[in-house]
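Have the structure open while you read.

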Amino acid sequence: MKASIYSDKRFPIGEIDRRIYGSFVEHLGRAVYGGIYDPDHPCADDMGFRTDVIDLVKKLGVPVVRYPGGNFVSGYRWEDGTGKQEERPRQLELAWQTIEPNTVGIDEFQEWTKRAETELMLAVNLGTRGVEDAKNFIEYCNFPGGTQYSDLRRKNGFEKPFGVKYWCLGNEMDGPWQIGHKTAQEYGRLAAETAKVMKLVDPSIELVVCGSSNSEMKTFISWEETVLDHTYEYVDYISLHNYYGNRDNNTEEYLACSLDMDQFIKTVVAICDVVKHRKRSTKTMYLSFDEWNVWFHSNEQDKKIEKWTVAPPQLEDIYNLEDALVVGCLLITLLRHADRVKMACLAQLVNVIAPIMTETGGRSWVQTIFYPFMHTSQFGRGVSLQTVVKCDTYETDKYGNAPYVEAITIANEESRELTVFAVNRSLDDEVELDIDITGYGELEIIEHIIMNSDDLKAYNTADNPNRVMPETKTPSDEIILPKHSWNVIRYKY
Ligand code: AHR
């Protein structure tokens, strides 16, 4: 099959915000306990954090990490995770029906983010709590001193404020499963007042208001409109969440699911702009796609997990090659909306629907989805260019016509490099790709990285950690995208 792509320096989409390569650590399953924190592990540092995991997080390239939830945050008392570790209460964790020992809390996690060379994005509890508690939490984290909660932080050993810049106003408050679930009216008012108060404590923060939990929610669209009507002046981003899965074992259909993400983003942008014009506002609302990934493999096994234990192995999806191709298509989609999507979080980071896996007390390894994320985080910096793809298409049931090739061109003026990220969705044919990029003079190919395998269901394990991984092809001007493959084609200009 033949295909061609065209990009032109004169037609940029927008500057890529580094924060689109964010991720997420929730107090859920073995993400924290046995994942990032494992004090008896041979690689544990002085605070009990696993340095092998920290090294993998650095390799992945994650500028921002959202914490501590997720559904977990809607019943969370942040102060339970501060002060002397041995005196912290064990709590019933209702969202995931476990026991939360509170050994790790904000005091420890903010230190972990420094060690992992990333930045914190915090969520406040708007499920069981509200305005006053959000004020106390930001006072603890960001106020210099001389008040009850800032002095509590200093007493706990942290003289300097944590300086947390990004805050989420609750989590998935439209979802009936959420602790303290609210209507759009109830949530919109609460979010507006909470935002107002938090910005009184620290005007330099940026706030994310909850959009819909996914594009299938019955309240999707009306939720966004109502919530933005209440909060437009006070917040900076609206969130989007979505998870995908090959539930019917129909790979062609599954590989096209990024078309749903594309439509979801376009719709939310449209709603933001409707509210903007209705309010005669000059402010543009940006998008924070702060939960996205593949999540379905572990659904059945999770039903069998014993309740009320500490750190059970929940949501431990094992990802294969086709999942990595989907993650690649989703990343390309986020890059295609670089003008409006300014933050995004791959949910999650370690053990729980994650690119990085560990054995508690044992080995760590990376899953297939690690690689497209690492490549885009590393090479997808600079400006995203409009990319016209001419290729054959195929019919899908849910998403209409899907192109066999999903691609985007990125220009990095600093390194004078152009990178094309491309997925070949065809299960049968390789694609001979003609790349035509105008405005950068002579291009010299640096490398063509390819990830594929004969077996779409192949995955990595602790015993066989390199079963699926990328390879670099000898550079050539003839670009062939093998069938069902992830590709990174890099040029110098
Ligand atoms: O990431 C797992 C869960 O998915 C989060 O806790 C929740 O926000 C979403 O439903």
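## Where the pocket lies

Domain 1 (2-8 + 386-492) and domain 2 (17-381) both contribute lining residues, so the largest pocket lies between them. The domain bounds come from an automatic or database domain assignment. Please keep in mind that this is a predicted model, where local features need pLDDT of at least 70, side-chain atom pairs count only at pLDDT 80 or more, and totals for chains, interfaces and linings use all residues. Residues are numbered from 1 along each chain as its sequence is written, and side-chain values use heavy atoms, with hydrogens and water left out.

## What lines it

The volume of the largest pocket is about 770 Å³. Its lining has 35 residues, and N214, N242, Y243, Y244 and R247 are the closest to the centre. A pocket here is an open set of points on a 1 Å grid over the protein atoms alone, where a 1.4 Å probe fits, with protein on both sides within 12 Å along at least five of seven lines; lining residues have an atom within 4 Å of a point.

β10 (237-244) and α7 (251-255) each give at least two lining residues, and β10 has the largest share, with four. Strands are DSSP runs of E with at least two residues, and helices are runs of H or I with at least four.

## A look at K307

You will find K307 in the loop between α9 (299-302) and α10 (321-336). Its relative accessibility is 49%, so K307 counts as partly exposed (between 20% and 50%, with a 1.4 Å probe and protein chains only).

Note on methods
Grid points are joined across faces, edges and corners, and a volume is the space filled by probe spheres set on the points.
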